[in-house]
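This report goes through one protein model by region. The sequence and structure come first, and the notes follow.

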Amino acid sequence: MVKAVYPGSFDPITYGHIDIAKRAALLFDELYVVIMENKKKSYTFSVDERIEMVQECLKDIPNVHVETFSGLLVEYTSAKKINVVIRGLRAVTDFEYELQMALANKEICDGVETVFLMTDKNFSFLSSSLVKEVASFGGTISQWVPEIVEKKLREKFKIQIEVK
């Protein structure tokens with residue numbers, strides 16, 4: 001059985017993340033979508049809020065497990081006996097950072113391989129930061145996130161965004 005991990009902050013999860021998760025779930029027997037917690041980062045949503053949104057958005061994919069972890073990703077992969085890390089790429093700028101992380105993970109834990117999945121062209125510009133910025137000004141985001149995420153953003157920013 002081949003297991004993979006798809007780590008990220010998912011603050012919040014977008015259709016781009018969901019696309020990568022669905023495609024990765026087709027390639028591996030089990031996919032662990034892991035909400036990483038970095039104490040040095042500030043998040044819009046709490047870990048519990050992010051877990052709730054990710055679980056709801058991925059509930060129809062039977063081989064997906066949603067978990068959270070705080071620490072080095074290779075510690076998680078070792079503990080779970082996972083040797084494949086999934087990373088989504090949107091553009092060349094993503095590749096530079098992701099390559100650096102993949103090489104560092106490989107150096108720390110030789111058995112871990114990183115698989116890069118190119119994002120769907122419709123989401124190549126999309127980031128959680130962009131979604132939050134547009135939402136904070138009351139802009140339409142329904143084309144980028146599921147309804148549960150749009151609703152949570154509306155509540156978080158106390159802005160009336162019409163959900164379509």
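## Helix α1

Ile-18 sits in helix α1; helices (H or I, at least four residues) and strands (E, at least two) are DSSP runs, numbered from the N terminus. The model is predicted, so local features need pLDDT of at least 70 and side-chain atom pairs count only at pLDDT 80 or more, while totals for chains, interfaces and linings use all residues. Residues are numbered from 1 along each chain as its sequence is written, and side-chain values use heavy atoms, with hydrogens and water left out.

Ile-18 counts as buried because its relative accessibility is 6%; buried means under 20% relative accessible area, exposed over 50%, and partly exposed in between (1.4 Å probe, protein chains only). Leaving aside residues up to four places away in sequence, Ile-18 touches Ile-13, Cys-57, Leu-58 and Pro-146, where contact means heavy atoms within 4.5 Å. Ile-51 is 33 residues from Ile-18 in sequence, and their C-alpha atoms are 14 Å apart.

Helix α1 also holds Ala-25, which counts as buried at 9% relative accessibility. Its contacts, not counting residues up to four places away in sequence, are Leu-31, Ile-61, Asn-63 and Val-64. Between the C-alpha atoms of Ala-25 and Tyr-6, 19 residues apart along the chain, the separation is 9.8 Å.

## Loop backbone

The loop between β1 and α1 contains Phe-10 and Pro-12. The peptide bond from Asp-11 to Pro-12 is cis, with omega near 0°. Phe-10 is a residue other than glycine with a positive phi, near 50°, and it counts as buried at 3% relative accessibility.

Lys-81, in the loop between α3 and β4, is likewise not a glycine and has a positive phi of about 55°. At 69% relative accessibility, Lys-81 counts as exposed.

## Helix α4

The 17 residues of α4 should span 24 Å at 1.5 Å a residue, and the end C-alpha atoms are 25 Å apart, which agrees. The expected span is 1.5 Å times one less than the number of residues.

Asp-94, Glu-98, Ala-102 and Asn-105 are the buried residues of α4. Seen down the helix axis, they fall within an arc of 65°, so they line one face of α4; the arc is that of the directions from the helix axis to the C-beta atoms. Their cover includes α3 (73–80), β4 and β5 (113–118). On the face turned away from the buried side are the exposed residues Val-92, Thr-93, Glu-96, Gln-100, Leu-103 and Glu-107.

## The largest pocket

The largest pocket has a volume of about 1200 Å³. A pocket is an open set of points on a 1 Å grid over the protein atoms alone, where a 1.4 Å probe fits, with protein on both sides within 12 Å along at least five of seven lines. Grid points are joined across faces, edges and corners, and the volume is the space filled by probe spheres set on the points.

The lining has 43 residues, of which Pro-7, Gly-8, Ser-9, Arg-87 and Glu-98 lie nearest the pocket centre; a lining residue has an atom within 4 Å of a point. Two or more lining residues come from each of β1 (3–8), α1 (15–27), β4 (84–89), α4 (92–108) and α5 (128–136). The most come from α4, with 9 residues.
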